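Hi,

Here is the structure I promised to pass along. Have a look at it first, and then read on for what turned up.

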Amino acid sequence: MRIPVAAAVMAAAVLCLTACGAGIGPREGTQTAAENVMIRLMSPWPDNDSLQNKLVERIVEEYMREHPEVTITTEALENELYKDRLKVLSASNALPDVGFSWAAGFLDPYVEGGLFTPLDDLLEGELRDRFVAGTTEAYMKNGKTYALPVELNIVPIFYNKAIFARHRLRPPETFEELKDIIVRLREAGETPISLGGKDAWTLSFWFMYLVDRVGGADLLDQAIETARFNDPRIIEAARLTQELVGLNAFPNGFIGMSNEEAKARFMAERAAMYAIGTWEVPNYTTNPDVPESFKDRIGFFPFPLVEGGEGRLNNWIGGPGVGLFVAENSKVKEEAKKFVAYFVKKWGEHAVADAGIIPATKVDTGTVHLPKMYTELLKELRTANKVTLYADVQMKPVAAEEHYTLVQALFGGAITPEEFALRQELALLKSR
């Protein structure tokens, strides 16, 4: 699941002040191992019909059945409400024993406030070598790991094979080929690419890929880390982004469309392509509510290469979705850690086969019967040269919020590529 992060942690100073001033330690009445244990779990999946919600419920039930001395209560909230709730509970030093956090910039204020406990002991024990390379690092701060990821996503370009076949098109390998496809589809009266600019993080995918394909796998990471965005290669990527807009690649009025509207357009076969995270793959493979005829028409391809650029086809945008944390002041901290280790293992066992979700742990495709698309995507993950973490997730909340504003302005033609790069650099410098 991919969620924008900028609105999530605006009270960083409050969190740090609260945690430092309150003197975080074990709560009054800490339970002993001999007593019945109550674990409070918070989840960002409230929809009873969602695959993630059902998976959480199944794992909780399995754990309580195997550990009858443990009772787990679950509070599930919609994403933005979940984030707001985390902030409120943090300010009163009352986080759940176990909850879900996003990586990188989202994590910072909770770690700086001493609110999450390190989980490195789990990685040195039963979970050693279970995670896909590079996934746990997104939750590391100052050499310690503060959450363990359960999901892993990359962003392919999904396409409608029937629309491509109707116009005698094939998946592009170069940016020039992509532009040619866009022109031909527009001339035929088709919408080439579905995109909802109201949710700016989806715009960022296109910009990020162009940065990679122009400047290589490490350019964006380095630009964010050093707050040096005014690089000619980044400016060129911004220019190519506007070139796509100029070709009418996206729906009319796409800047005001939500991602849900863009998704609906692609699902209704009113657009030929749609770049989105692999959390949508169940809709193209296993979701029983989606017609098989539609699923059979969907394929994917990696973002094409830019001529003369340094990027590679097996460089992907993506990263872990959410990860499990344990509250530093939980009165059942050790039992909570055991539950987290159990949850991660069980999620990895059930996620792909039962829910169509790609986990952050390694999957043995030889022991699980999977739809072809899953097998192909898991192969891409195994052979990936680099998975670059989403730009807004890497950034501090203030810089991420400005990133949303700036990519919308870039796609909307309200600023030049040079202005975009300069303003993003200033925002990164201010957030340091």
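Let's start with a pair of helices: α10 (residues 232-246) packs against α18 (residues 417-431) at an angle of about 130°, and their axes are 8 Å apart. That angle is why α10 counts as oblique to α18. The crossing of α10 past α18 is right-handed. If you want to see where they touch, look at Ile-235, Ala-238, Arg-239 and Gln-242 on the α10 side, which meet Pro-417, Glu-418, Phe-420 and Ala-421 of α18. Bear in mind that this is a predicted model.

Next, the strands. β13 covers residues 323-326, with Gly-323 and Phe-325 pointing one way, Leu-324 and Val-326 pointing the other, and all of them buried. β13 pairs with β3 (residues 98-101) in the antiparallel sense over 4 bridges; there, Val-98 has Val-326 as its bridge partner. β13 also pairs with β6 (residues 148-149), again in the antiparallel sense, over 2 bridges. In that pairing, Pro-149 is bridged to Gly-323.

Finally, the nonpolar core. Which residues have the most contacts inside the largest one? They are Trp-206, Phe-229, Met-273 and Trp-347, in a core of 142 residues.

Cheers

How values were computed. Residues numbered from 1 in each chain as written. Predicted model: local features only at pLDDT ≥ 70, side-chain atom pairs only at ≥ 80, totals over all residues. Heavy atoms only, no water. Buried < 20%, exposed > 50% of the residue type's maximum accessible area, 1.4 Å probe, protein only. Pairing = 2+ DSSP bridges. Core = buried A, V, L, I, M, F, W, Y, C linked by side-chain atoms within 4.5 Å. Axes fitted to C-alpha atoms, helices over the stretch in contact; angles between N-to-C directions. Parallel < 35°, antiparallel > 145°, perpendicular 65-115°, else oblique. Left-handed = near helix turned anticlockwise from the far one by under 90°. Contact = heavy atoms within 4.5 Å.
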